[in-house]
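Please open the model in a viewer and keep the selection tool at hand.

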Amino acid sequence: LESDFIAWLRQRVPPHPQLLLGPGDDAAILRLGDRADCVVTVDLLTEGVDFDLQAVSARRVGRKALAVSLSDLAAMAARPVGMVVAVALPRRGGRQLAIELFEGLAEMAGRYGVAIAGGDTNSWDGPLVVSVTAIGQTTAAGPLLRSGAKPGDRILVTGDFGGSILGKHLDFEPRINESLLLADRCRLHAGIDVSDGLSLDLSRIAAESRCGATIELSRVPISLAAQELARQEADGPTPLDRALSDGEDFELILAVAPDDAARLVSEQPVAPLQLTDIGEFVAELGLWQSTAGGNREPLEPRGWEHRFD
Ligand SMILES: [Mg+2]
């Protein structure tokens with residue numbers, strides 16, 4: 001599993017005086033100067049795994065390739081600055097793919113003021129592979145880590161969840177603006193973007209914070225797409241199951257003190273994007289669901305994990 005490998009890696013990455021935060025969060029933090037810290041993240045998309053060029057234009061792939069990295073910067077409350085890209089192009093039709101990829105990247109870069117700083121273009125007898133490295137900087141609010149949630153903090157989420165396969169997984173908007181605004185408005189204790197599934201990514205933020213999390217299932221915002229998919233697949237997962245475990249929502253999960261959370265939920269400062277309180281961080285490790293009687297029972301974290309052995 002990818003998570004096992006990352007745990008192995010974290011034991012072995014040597015410390016470095018300018019590495020403030022290494023593998024294991026949404027992005028790394030390097031100290032480059034006195035004023036601002038540099039936030040770096042890389043993502044890789046592979047044809048046949050992450051997208052299908054029969055169904056999706058290379059332009060949308062290019063857009064997504066940058067958007068997933070920007071989503072990680074959003075999870076760190078970092079302001080995006082620049083990006084570099086590496087592509088492995090299939091030899092046949094590679095030039096046209098490269099042009100369309102660039103158009104998608106450039107559109108997304110323009111939206112968020114990201115400099116297209118460089119890249120590397122290879123060709124091979126394989127499928128299209130594209131990797132974007134995004135570079136950002138922390139703001140006066142400081143970086144938002146996975147590790148800062150405290151028992152008693154509320155769990156706030158942006159937007160709604162599930163069914164991203166119907167389109168949102170390609171055309172989502174990284175929550176950069178929302179993250180910067182919220183970090184400016186109040187002290188966010190911890191954050192993560194939902195790339196692999198709401199329950200799985202929530203369990204990650206809880207684990208990094210050495211606490212647990214209790215979800216009130218009736219409060220989970222379920223997307224129309226999750227409801228639509230459940231209608232299409234009568235024997236498949238329920239809309240709530242999809243909201244908890246489908247990947248690639250690219251929304252944010254935030255840990256916020258209760259008074260700040262109540263204020264944010266009532267003020268809705270990033271409307272029309274909805275902020276919802278779905279539960280709380282608790283002292284007991286693990287992921288929990290609250291029951292009608294006011295107790296809690298374990299909830300299995302589910303979502304997408306890359307598998308290899
Ligand atoms: Mg992430």
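**First stop: a buried threonine**

Thr 276 counts as buried because its relative accessibility is 17%, where buried means under 20% relative accessible area, exposed over 50% and partly exposed in between (1.4 Å probe, protein chains only). The model is a predicted one, in which local features need pLDDT of at least 70 and side-chain atom pairs count only at pLDDT 80 or more, while totals for chains, interfaces and linings use all residues. Residues are numbered from 1 along each chain as its sequence is written, and side-chain values use heavy atoms, with hydrogens and water left out.

Thr 276 is part of strand β11 (residues 275-282); strands (E, at least two residues) and helices (H or I, at least four) are DSSP runs numbered from the N terminus. Select next Ile 155, Leu 156, Val 157, Arg 219 and Pro 221, with which Thr 276 is in contact when neighbours within four places in sequence are left aside. Contact means heavy atoms within 4.5 Å.

**Second stop: helix α6**

Select residues 198-208, which form helix α6; nine of its 11 residues are buried. Among the buried ones are Asp 201 and Arg 204. Arg 210, which follows α6, has a positive phi, near 55°.

**Third stop: the nonpolar cores**

A nonpolar core is a set of buried Ala, Val, Leu, Ile, Met, Phe, Trp, Tyr and Cys residues joined through side-chain atoms within 4.5 Å. Select Leu 66, Leu 70, Leu 188, Leu 254 and Val 256, the residues with the most contacts inside the largest core, which has 54 residues. Helix α2 (58-75) gives the most to this core, with 10 residues. Then centre on Leu 188: not counting residues up to four places away in sequence, Leu 188 touches Leu 144, Ser 179, Leu 182, Ala 183, Leu 254, Ala 255 and Val 256. A second, separate core of 24 residues includes Phe 161, Ile 205, Ala 206 and Leu 244.

**Last stop: the second largest pocket**

Select Val 85, Phe 102, Ile 116 and Asp 120, which are among the residues lining the second largest pocket. On a 1 Å grid over the protein atoms alone, a pocket is an open set of points where a 1.4 Å probe fits, with protein on both sides within 12 Å along at least five of seven lines; lining residues have an atom within 4 Å of a point. Strand β4 (78-90), helix α3 (94-111) and strand β5 (115-124) each supply at least two lining residues, and β5 gives the most, with five.
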